Amino acid sequence: MASRSLTPVQLTSTLFVALLATCHAGSIAVYWGQNDGEASLAETCASGNYEFVILAFLPKFGKGQTPQLNLASHCDPSSGGCRGQSKDIKACQGQGVKVLLSIGGGDGSYGLSSPGDARQVALYLWNNYLGGSSSSGPLGDVALDGIDFDIEQGSAKFWNDLATDLKNLGKNGGKTVLLSAAPQCPFPDEWDGGAISTGLFDYVWVQFYNNEECQFSAGQGAFMNAWKKWESVPAGKIFLGLPASKDAAGTGFVPAGELTSRVLPLIKVSSKYGGVLLWSKFYDDQTGYSSAIKSDV
């Protein structure tokens with residue numbers, strides 16, 4: 001049977017459809033909790049821009065310490081003031097937004113001294129934040145969706161034990177506990193690498209900022225070399241971690257137009273592509289970055 005050649009318009013349409021078929025739709029995750037003047041948690045989720053909101057941080061835990069939450073000026077956990085966040089958290093979850101608690105951070109007093117210590121921290125997180133046995137946790141009567149590992153200091157030991165214990169507690173309790181990690185883009189990450197290698201992590205939001213050797217400003221080659229290494233880890237989805245404004249990080253800010261035209265087309269072809277992570281809601285409020293990129297992520 002004779003074949004018919006495509007017209008230029010048909011050819012363009014066919015190529016466009018083929019390109020769309022190779023791109024993967026992503027979502028936006030954002031850190032919330034560390035800045036004065038930031039939108040409330042309820043407002044953050046009501047914007048419709050985010051599928052993940054990560055509460056930052058639990059910066060004190062492990063090694064026999066009493067765990068301590070820090071949500072800056074949003075609330076005072078020592079007086080029970082953060083329990084009022086439960087209403088907002090439930091509103092977020094009712095809109096389909098996953099809410100995770102980030103442990104660690106750039107400043108804090110945290111670490112694990114043994115597998116037994118990891119087990120105690122896991123039990124604490126399960127009982128107080130993930131819907132275990134306590135109804136009077138620091139955030140009130142809520143069951144968060146998971147735990148984010150933002151480990152940036154101290155020893156790299158026993159984080160794999162904590163990840164395993166959290167997943168097992170969820171499994172035994174009939175609940176899926178989501179695990180995410182926020183490694184730096186140099187591969188492998190000094191602190192999160194061992195935990196990620198367990199294969200238990202659902203999301204890895206890699207910090208492609210404050211790391212001049214692998215962020216996009218280092219050049220497409222250096223950036224893609226790092227991205228492909230992170231694609232290789234045994235995790236669910238990989239996110240591109242970026243600052244939401246120039247003020248949000250020392251280096252690594254990518255203007256929205258450049259992100260959508262030059263960066264995302266490079267990584268959206270990956271089956272592991274999950275979307276974009278932003279630091280943080282406070283800076284996104286100032287720039288409208290998530291709104292500017294949402295349709296392209």
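Numbered in sequence order, the bonded cysteines of the chain pair as 1-4, 2-3 and 5-6, and a search of the whole structure finds three disulfides, a disulfide being a pair of cysteine sulfur atoms within 2.5 Å. A disulfide is a covalent bond between the sulfur atoms of two cysteines. The model is predicted, with local features needing pLDDT of at least 70 and side-chain atom pairs counting only at pLDDT 80 or more, while totals for chains, interfaces and linings use all residues. Residues are numbered from 1 along each chain as its sequence is written, and side-chain values use heavy atoms, with hydrogens and water left out.

The table sets out the pairs.

| Pair | Sulfur to sulfur distance | Source of the bond |
|---|---|---|
| Cys45 and Cys92 | 2.0 Å | disulfide |
| Cys75 and Cys82 | 2.0 Å | disulfide |
| Cys185 and Cys214 | 2.0 Å | disulfide |

For Cys45 and Cys92, the torsion about the S-S bond is about 95°, so this disulfide is right-handed. The pair links distant parts of the chain, since Cys45 belongs to helix H2 (residues 41–46) and Cys92 to helix H3 (residues 86–94), 47 residues apart; helices here are DSSP runs of H or I with at least four residues, strands are runs of E with at least two, and both are numbered from the N terminus. Cys45 and Cys92 are both buried, a term that means under 20% relative accessible area, against over 50% for exposed and partly exposed in between, with a 1.4 Å probe and protein chains only.

The link of Cys75 and Cys82 is also right-handed, with 95° about its S-S bond, and Cys75 and Cys82 are each buried.

In the link of Cys185 and Cys214, the value about the S-S bond is 80°, and this link is right-handed. Cys185 sits in the loop between strand E7 (178–181) and helix H6 (193–196), and Cys214 in the loop between strand E8 (203–207) and helix H7 (220–231), so the pair ties together parts that are 29 residues apart in sequence. Cys185 and Cys214 are buried as well.

One further residue, Gln85, is found in the loop between strand E3 (60–61) and H3. Gln85 counts as buried because its relative accessibility is 11%. When its neighbours within four places in sequence are left aside, Gln85 is in contact (heavy atoms within 4.5 Å) with Trp32, Leu41, His74, Cys75 and Leu139. Cys75, one of these contacts of Gln85, is the residue that forms a disulfide with Cys82.
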